[in-house]
Each structure stands twice: as C-alpha cells, then as structure tokens.
Amino acid sequence: MFKQSHALAHKSFKVMLAGAAALTALAPNAFAADFDQPAPSAAYDWSGVYVGATAGYNWGKDSTTESGTWLGFPVNAVFGYDVDGMSGGVKAGVNFQSGSFVYGAEADIEAANITGGFVDRIQNAGIGRDRYDWLASIRARMGYAVDRTLFYGTGGVSFAHIENTYSQVLIPPFASESFDKVRTGWTIGGGVDYALTDKVILGAEYRYTNFNAFSNVSTTAFPGVTGEQDPSSHAIRLSVSYKF
C-alpha cells in the first residue's frame with residue numbers, strides 16, 4: 001500500500017512539474033498577445049466647421065401696456081398674453097478643442113409661425129396680435145466633451161421680425177394698423193450634441209430669449225395711444241449637422 005501511494009504521489013508531482021513548465025512557456029506569449037492588441041481609438045475630435053438644419057417649438061409671453069388719451073378719455077391698461085408656435089431653419093458654426101474643453105461660435109436663422117394676442121376686456125375696444133415671421137441669433141458656445149458627447153452652454157444676441165397689430169372694434173370703420181420691425185435682444189441656454197458618425201452630429205438645445213422692450217405709437221386704430229411691448233420666449237430645438 002505504501003509503495004502504491006508513493007508511486008501515485010511521485011506521478012502527481014511529475015504532472016505538476018509538467019504543468020508548471022507549460023505555464024512558464026506560455027506566459028511570455030500571453031503577455032506578448034496583450035501588447036499586440038490594437039490601441040483604443042482616439043477620442044472624438046470636435047474641432048471644425050459644421051452646417052446643419054434645425055426645427056423647434058417656441059413658447060413665451062408678451063405684454064401690451066397702453067397709455068395716453070383716446071377720444072378724450074385717458075387710457076392706462078396692461079394686457080399680458082401667451083405666444084407660441086413652430087420654427088425651423090439652418091445653422092452654421094465652428095468648434096475649437098483643447099483637451100476636453102470645446103469652444104466656438106454659432107449663427108442660425110429660422111422661418112417661424114409664432115402667434116398670440118389679447119382682447120381688451122376692460123374697455124371692449126380693441127384686439128392686439130403678435131406674429132413672428134423669422135428668428136435669428138449669433139452666439140458663443142463653450143462646453144465639455146466626453147468622447148462623442150458634448151455638453152455646452154451658449155449665449156449671444158438675438159433678432160426677430162415681429163409684427164404687432166392693433167385693431168379697434170368699438171367704433172366703425174373698425175380701424176386696424178400694424179407695426180413690423182426687426183427687434184433685437186439677448187439669448188442664453190444650453191444643450192447636448194452627439195457625434196453619430198465622424199461627420200454627422202445630432203443635437204438638442206434649450207434657449208431663453210428676451211427682446212428689448214419697445215413702443216408703438218398708434219395713429220390709426222387708437223390715435224394718441226402708445227402700446228409698449230415686452231416679449232420673451234423659450235425654445236426647444238433639435239438639429240442635425242454635418243462637420244467638415
């Protein structure tokens with residue numbers, strides 16, 4: 001029995017030595033295989049010029065403050081109301097990258113169908129309407145890139161073609177007049193871009209825009225009355241861009 005056990009132990013020891021030798025022989029090859037693996041791909045480079053298309057939904061508020069004298073009666077009233085609608089257009093920009101920090105500039109212009117208005121419930125004399133024909137902005141952008149995802153903030157100057165219409169509905173011939181001009185203001189917001197491919201970039205953005213208050217002096221619908229407008233809006237925009 002002792003001899004059989006000794007023979008079995010001796011045989012097991014030889015098997016262990018053979019296994020150790022085999023592992024020793026394979027180890028260099030295993031490490032070499034690790035070093036032979038291709039290096040991970042480099043992080044996405046956001047630098048470059050891009051152009052794209054945008055589509056968005058806009059909502060906000062305006063107020064008309066009426067003051068002056070109409071038909072010999074003093075007028076002093078404030079009407080607040082909502083405006084909303086869709087917009088869509090094109091954009092172009094450029095990015096520069098330093099490490100994970102990305103900065104640049106972007107401009108956009110969009111056709112719009114944004115409307116809203118009020119009915120004078122105080123004197124039952126008039127109706128006011130807003131209509132935005134187009135929107136545009138020129139902005140700086142700064143953000144932080146995580147490979148193909150870019151988180152950014154943006155801000156700059158905004159423009160809009162806004163038409164204000166005042167209609168008198170109390171006395172025939174129910175006169176109406178419109179004031180349409182390009183208004184300026186400021187805009188600020190943020191968003192996220194994702195590089196779907198090396199050239200195609202998808203984006204989602206929120207922006208708040210405030211246009212400087214302005215006044216319209218009525219000469220037809222309500223002679224002697226001034227209407228002061230104070231518009232502001234929010235917007236969510238989606239975009240797809242091509243990077244050169």
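## Terms and confidence

Strands, written E, are DSSP runs of at least two residues, numbered from the N terminus. The structure described here is a predicted model, and the mean pLDDT of the protein is 87, with 83% of its residues reaching 70 or more.

Strand E9 covers residues 225–229, and its residues divide between two faces. Val225, Gly227 and Gln229 make up the covered face, whereas Thr226 and Glu228 belong to the uncovered one.

## The partners of E9

Strand E9 pairs with strand E8, which spans residues 214–217, in the antiparallel sense and over 4 bridges; within this pairing, Ser215 has Glu228 of E9 as its bridge partner. Strand E1, residues 48–70, also runs antiparallel to E9 and is joined to it by 5 bridges, and here the bridge partner of Glu66 is Gly227.

## Gly128 in strand E4

Gly128 lies in strand E4, which runs over residues 126–146. Because its relative accessible area is 1%, Gly128 counts as buried, the cut-off for that term being under 20%. Leaving aside neighbours within four places in sequence, Gly128 is in contact with Gly116, Gly117 and Phe118, and also with Thr165 and Tyr166. Between the C-alpha atoms of Gly128 and Gly227 the separation is 9.8 Å, although the two residues are 99 residues apart along the chain.

Key. Residues are numbered from 1 along each chain as its sequence is written. This is a predicted model: local features need pLDDT of at least 70, side-chain atom pairs count only at pLDDT 80 or more; totals for chains, interfaces and linings use all residues. Side-chain values use heavy atoms; hydrogens and water are left out. Buried means under 20% relative accessible area, exposed over 50%, partly exposed in between (1.4 Å probe, protein chains only). Two strands pair if DSSP finds at least two bridges between them. Contact means heavy atoms within 4.5 Å. pLDDT is the predictor's confidence in each residue, from 0 to 100.
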